[in-house]
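Welcome, and thanks for taking a look at this one with us. Please have the sequence and the 3D view open side by side as you read.

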Amino acid sequence: MINALTRLCCLIGHPIGHSVSPQMHNAAFRALGLNYVYVAFDVPPEKLDEAVSGLRALGAAGFNVTIPHKVAVMKLLDELDHSAERAGAVNTVVNDRGLLRGYNTDVYGIRRALGGRELPINKPALVIGAGGAARAAVAALMDLGFRRILIANRTLERGMALADWARPLGVSADAISLEEGRCKAVECGIIINATSIGMHPDTGATPLTSEEMRRGTIVLDLVYNPPKTRLLEEAERAGAIIVSGVDVLVYQGAEAFRLWTGVDPPIEVMRRAAIEALEGYVEDEGR
Ligand code: NAP
């Protein structure tokens, strides 16, 4: 029941129609009986300043930030947590009595999705992509102990910029073309797709085929719509260990939930709600 004491959490982005965060967070609030609500606001870039001031003035408990505002929002906040400074982007903001503090829970989400298993840290890791998600992937791989990272990207200069960022932090990082990435993938212990290749509605696309991957390699696709992408199907065919982007979505959201409420998130409730919302999304599109 929404009443005069209900706390507001939200997403700001542009566009936001594809987001399943409202379903995921509202299911979690309901499951724990917390008097919070989560909504999504489509905020174009020229309205970002006003939107952030408005959320501060309204006393929102916190908000998520998505494309294209993850970097631009940083200068509008009062403090940046180490996680946001490291990732160079903010995806979660906590409003602490008018003080806005920015966090990045994507790195945590990737780390947690890959954790709980033995990782081949002595083998090279392959990250496909060089945008914000790729940077979070590189940071998570460093945290997990990988020391050699190959960054394959369509635009080589962006890959080089990401490798230049990573090297001083103590890893060997090289930028390569997507074609080179396809050849090198069999030598890698872990592969992370951080491009939008394979995302709905282009679900037939994949950055790698089964012949280009090997049995036992860990393959994480950050694309979560559909939950099982063509890349993951190809990886499974090759005998690889697959990890869905839905896991990262759930864990990054769960960490934001914990930051806003101070309460342990109901992970399985959030996962179920996210998957149901994604299934509904695909059905709606098909109509
Ligand atoms: P971004 O900053 O816009 O970067 C997009 C990346 O994809 C760039 O490397 C771009 O290459 C590459 N790319 C796009 N279309 C391509 C194509 N047709 N062929 C080859 N490369 C292509 O976006 P982002 O924030 O990093 O997000 C990337 C993906 O990760 C999205 O699908 C997003 O939904 C997903 N993601 C998922 C989670 C999660 O919780 N699971 C969290 C964050 C992001 P260029 O540099 O050449 O343009």
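What follows is a short tour of the overall fold, the ligand site and one asparagine. Please keep in mind that this is a predicted model. The protein has 287 residues, with 10 helices and 12 strands among its elements. A ligand sits in a shell of 24 residues, and the protein buries 78% of the area that the ligand exposes when taken alone.

**Overall shape**

- The radius of gyration is 19 Å, which agrees with the value near 19 Å for a compact globule of 287 residues.
- Along its principal axes, the C-alpha trace spans about 60 × 45 × 35 Å.
- Buried residues account for 51% of the 287 residues.

**Contacts with the ligand**

- The closest of the 24 surrounding residues are A130, A133, N153, T155 and R158.
- N153, one of those closest residues, also places a polar side-chain atom 2.7 Å from an oxygen atom of the ligand.
- R154 has a polar side-chain atom 2.9 Å from an oxygen atom of the ligand.
- With L222 the backbone is involved: one of its polar backbone atoms is 2.9 Å from a nitrogen atom of the ligand.
- Taken alone, the ligand exposes 920 Å², and the protein buries 78% of that area.

**Where the shell comes from**

- Helix α9 provides the largest share of the shell, with four residues.
- Both domains take part: domain 1 (7-105 + 249-266) and domain 2 (108-246) each contribute at least three residues to the shell.
- Sorted by class, the shell holds 12 nonpolar, nine polar and three charged residues.

**A closer look at N91**

- Is N91 buried or exposed? Its relative accessibility is 4%, so N91 counts as buried, the cut-off being under 20%.
- The side chain of N91 has a polar atom 2.8 Å from the backbone nitrogen of T105.

Key. Residues numbered from 1 in each chain as written. Predicted model: local features only at pLDDT ≥ 70, side-chain atom pairs only at ≥ 80, totals over all residues. Heavy atoms only, no water. Near = heavy atom within 4 Å. Polar contact = N/O pair within 3.5 Å; in protein donor to acceptor, adjacent residues only side chain to side chain. Areas by Shrake-Rupley, 256 points an atom, 1.4 Å probe, with all protein chains shown as cover. Helix = DSSP H or I, 4+ residues; strand = E, 2+ residues; numbered from the N terminus. Nonpolar A, V, L, I, M, F, W, Y, C, P; charged D, E, K, R; others polar. Domains from an automatic or database assignment. Rg over C-alpha atoms; globule rule 2.2 N^0.38 Å. Buried < 20%, exposed > 50% of the residue type's maximum accessible area, 1.4 Å probe, protein only.
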